[in-house]
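Let's take a walk through this fold, one stop at a time. Keep the viewer open and click along as you read.

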Amino acid sequence: AINTIYVQIDRQNIDARETITKFSEMLRYQLYECNVAKVSLDKEIAYIQNYVDIQKLRKSERHRVSFTHPSNTENIYLPPLLFIGFVENAFKFVSNDKNRDNYVLINMYFRENRLYFRVENTVLSNSALNNFSETGGIGLSNIKRRLELQFKDKHELNIESGKESFIINLQLEIE
């Protein structure tokens, strides 16, 4: 079905064709590669990159979006879809103010035997996220529970909910 849609899109509409291709890659990853306990970090990064690329097309020129990550991560294995909930929330709740910088900044890096993952996004000043770290949502609760089960005593999660930004800092001990 996705290939049919791809063919039906005008050849001049490069953005739409690229979006369908990225969406197809994301579905393929979810359906065929995430049914194991661990996947390579390279594949997780590619999945996140596809998601970010699709979201960039939806956002206006008022949004600054970046995703920085390490290279050569094919020998590192983690549970699948570990980070995407944080990324999805950042895009879901990012501000769209006309009079200030709006951004989603995603950064992943290694230091010694730890993987650091940070997501920061601006929020609307009257956003319900202002008290989000206390109340949380079901998605965030599920991620916390999953981290506790899969990285007990080997992770640190800090959530900062401010008036203008929301920040997730996650550290994972890599074996």
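**Starting at a histidine**

The side chain of His-63 reaches out to the backbone oxygen of Ser-95, at 2.9 Å. That makes a polar contact, meaning a pair of N or O atoms within 3.5 Å; within protein, one must be able to donate a hydrogen and the other to accept it, and residues adjacent in sequence count only if both atoms are side-chain atoms. Before going further, know that this is a predicted model, where local features need pLDDT of at least 70, side-chain atom pairs count only at pLDDT 80 or more, and totals for chains, interfaces and linings use all residues. Residues are numbered from 1 along each chain as its sequence is written, and side-chain values use heavy atoms, with hydrogens and water left out.

Back to His-63, which sits in strand β2 (residues 63–68). Helices (H or I, at least four residues) and strands (E, at least two) are DSSP runs, numbered from the N terminus. Is His-63 buried or exposed? His-63 has 14% relative accessibility, so it counts as buried; the cut-offs are under 20% relative accessible area for buried, over 50% for exposed, and partly exposed in between (1.4 Å probe, protein chains only). Leaving out residues up to four places away in sequence, His-63 touches Val-94, Ser-95, Asn-96 and Asn-102, where contact means heavy atoms within 4.5 Å.

**Two helices side by side**

Now find helix α3 (residues 41–58) and helix α4 (residues 84–93). Their axes come within 11 Å and cross at roughly 10 degrees. Two packed helices are described by the angle between their axes and the distance between the axes. Here the axes are lines fitted to C-alpha atoms, for helices over the stretch in contact, and angles run from 0 to 180 degrees between N-to-C directions. The pair α3 and α4 are therefore roughly parallel to each other; angles under 35 degrees get that label, over 145 is roughly antiparallel, 65 to 115 is roughly perpendicular, and the rest are oblique.

Which residues make the contact? From α3 they are Tyr-47, Ile-48, Tyr-51, Val-52 and Gln-55, and from α4 they are Ile-84, Val-87, Glu-88 and Phe-91. By class, that contact holds seven nonpolar residues, one polar and one charged. (Ala, Val, Leu, Ile, Met, Phe, Trp, Tyr, Cys and Pro count as nonpolar, Asp, Glu, Lys and Arg as charged, and the others, Gly among them, as polar.)

Ile-48 of helix α3 deserves a click. Ile-48 is buried, with a relative accessible area of 0%. Setting aside residues up to four places away in sequence, Ile-48 touches Phe-67, Phe-83, Ile-84 and Val-87.

Asp-53 is also in helix α3. Asp-53 counts as buried at 19% relative accessibility, and its side chain joins that of Lys-22 in a polar contact of 3.0 Å. Asp-53 and Lys-22 are 31 residues apart in sequence, yet 8.2 Å apart in space, C-alpha to C-alpha.

**Into the core**

Next comes the nonpolar core: a set of buried Ala, Val, Leu, Ile, Met, Phe, Trp, Tyr and Cys residues joined through side-chain atoms within 4.5 Å. The largest one has 40 residues, and Phe-83, Val-87, Ile-106, Phe-117 and Leu-172 touch the most other members. At least two residues each come from α2 (14–33), α3, β2, α4, β4 (102–111), β5 (114–122), α6 (138–150) and β7 (165–173). Helix α3 gives the largest share, seven residues.

Not counting residues up to four places away in sequence, Ile-106 touches Val-52, Ser-66, Phe-67, Thr-68, Val-87, Phe-91, Phe-117, Arg-118 and Val-119.

**Out to the loops**

Most residues other than glycine have a negative phi, and most peptide bonds are trans. Asn-72 has a positive phi of about 55 degrees although it is not a glycine. You'll find Asn-72 in the loop between β2 and β3 (77–78), and at 66% relative accessibility Asn-72 counts as exposed. Glu-112, also not a glycine, has a positive phi of about 55 degrees. Glu-112 lies in the loop between β4 and β5 and is exposed, with a relative accessible area of 79%.
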